[in-house]
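Here is a short report for a reader who is new to this structure. Take a look at the sequence and the model before reading on.

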Amino acid sequence: MSSIYNLNGIVLEADPLDGALEAVEIDFLARPREHVLPLRLVTAYGAFTQRRSLDFVVADHQRKTYVVPSDQLTRAAREDLVDVARLAVQHLGEILPLAAELLTDDDPVPTSDRPDLASHQVTALPGKAFLEAAWARITAHG
Amino acid sequence: MTVSDDPKTCYVAFNYEEFANQVFGVAISDENTASLNLGILNDGIRKLVANAGLPLSMRQSFGFPVSNLGDAYKTIRFTIGIEEEDLLRQYVALITLVNVKLSEVAAPTELADPGKRKLFIEGLTGSVADLTRIGKELQEALDK
């Protein structure tokens, strides 16, 4: 794993896979799981679907690992990932009530159907309504 | 009483993070993950240790000269002792058998209910009554 960012408990890493793909890990250390999951979801949603439109799949049930094409994980995309992760932490106080109200295992956000990503897909990115509300709250602050 | 200061004492901490996320979904929390860990240790691994008649101790902390299993909240900690290799391999087989059986659970979300989970985990290994059976069941599971 090569580090994209590691500061104040936000850990973002990328690991090249075969076939010009990268496994991106999103983690938030020293926080309870009930905070970590919404933070991971918001970060992936914001960085991969809102700031940019990346092809990605969710590669574990913890929603910690995401596989994306290497050519899409540009320097700018990595910078966006860092920025969104930091914003998610800054807005955690607003995100958690939204998660309690809206986050369900259903209501998935569409992910990529690229054939080269298919074998890496383990589960879905859940909580479309939650993620839309959380992202609206984050971006409302400019 | 002596102070254990053996720098070569080692332990393995294993966890069920990925499985816990399958069980609890977006309701994952520290509390329910710890509850799952403890259930697997008490209702699965410990019962199997008892069934097999193995002298594996269950104490908190670490640094023991003999093998020991302990609940460490987010993980289960296995201190590797100075027993003969054959016995250590039996411990490994036993823990592996529980984990292989858990990996075969068809509907993990049903285990979110503590009562169902206890019954299910007990049932995973309830019929495994001795060391021979542990080895046989593990081999069958790994051959699948």
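## A pair within one helix

A:Glu132 and A:Lys128 sit four residues apart in helix 5 (residues 128-140) of chain A, so about one helical turn separates them. The two form a salt bridge, with the closest N and O atoms 2.9 Å apart. A:Glu132 is partly exposed, at 38% relative accessibility. A:Lys128 is also partly exposed, at 31%.

Elsewhere, salt bridges with shared partners link A:Arg51, A:Arg52, A:Asp80 and A:Asp83 into one network. This is a predicted model, and every value here is computed from it.

## A link across chain A

A:Arg51 and A:Asp83 meet through their side chains in a salt bridge, 2.7 Å from N to O. A:Arg51 lies in the loop between helix 1 and strand 4 (57-58) of chain A, and A:Asp83 lies in helix 2 (residues 75-90) of chain A, so the pair ties together parts that are 32 residues apart in sequence.

How accessible are the two partners? A:Arg51 is partly exposed, with a relative accessible area of 32%. A:Asp83 is partly exposed as well, with a value of 32%.

## A salt bridge between chains

Over all chains, the salt bridges number 16. Two of them lie between chain B and chain A. One joins A:Arg33 to B:Glu17, whose closest N and O atoms are 2.3 Å apart. A:Arg33 belongs to helix 1 (residues 33-50) of chain A and B:Glu17 to helix 1 of chain B, so this pair joins two chains.

Are these two residues buried or exposed? A:Arg33 has a relative accessible area of 10%, so it counts as buried. B:Glu17 has 17% relative accessibility and counts as buried too.

## Where the chains meet

The contact draws 12 residues from chain B and 11 residues from chain A. About 1,100 Å² is buried between the two chains, and carbon and sulfur atoms give 50% of that area. Three residues stand out on chain B. B:Glu18, B:Val26 and B:Asp30 supply 49% of the area that chain B buries against chain A, more than any other three residues.

Polar contacts also connect the chains. There are seven residue pairs of this kind between chain B and chain A, counting pairs with both residues at pLDDT 80 or more. Helix 1 (17-24) and helix 2 (30-52) of chain B each supply at least two residues of the side that touches chain A. Helix 1 of chain B gives the most, with five residues. By class, this side of chain B has three nonpolar, five polar and four charged residues.

## The strands of chain B

Chain B also has paired strands. Strand 3 (residues 76-80) of chain B is mostly covered, with four of its five residues buried. Strand 1 (residues 10-14) of chain B runs antiparallel to strand 3, and five bridges join them. Here B:Phe14 has B:Ile76 of strand 3 as its bridge partner.

Strand 2 (residues 68-71) of chain B pairs with strand 3 as well, in the antiparallel sense and over four bridges. What do strand 2 and strand 3 of chain B form? They make a hairpin, with four residues between them. In the turn, B:Tyr73 has a positive phi of about 70°.

Conventions. Residues numbered from 1 in each chain as written. Chains lettered and ligands numbered in written order. Heavy atoms only, no water. Buried < 20%, exposed > 50% of the residue type's maximum accessible area, 1.4 Å probe, protein only. Pairing = 2+ DSSP bridges. Contact = heavy atoms within 4.5 Å. Buried area = accessible area lost by both parts, 1.4 Å probe. Salt bridge = Lys/Arg side-chain N within 4 Å of Asp/Glu carboxyl O. Polar contact = N/O pair within 3.5 Å; in protein donor to acceptor, adjacent residues only side chain to side chain. Nonpolar A, V, L, I, M, F, W, Y, C, P; charged D, E, K, R; others polar.
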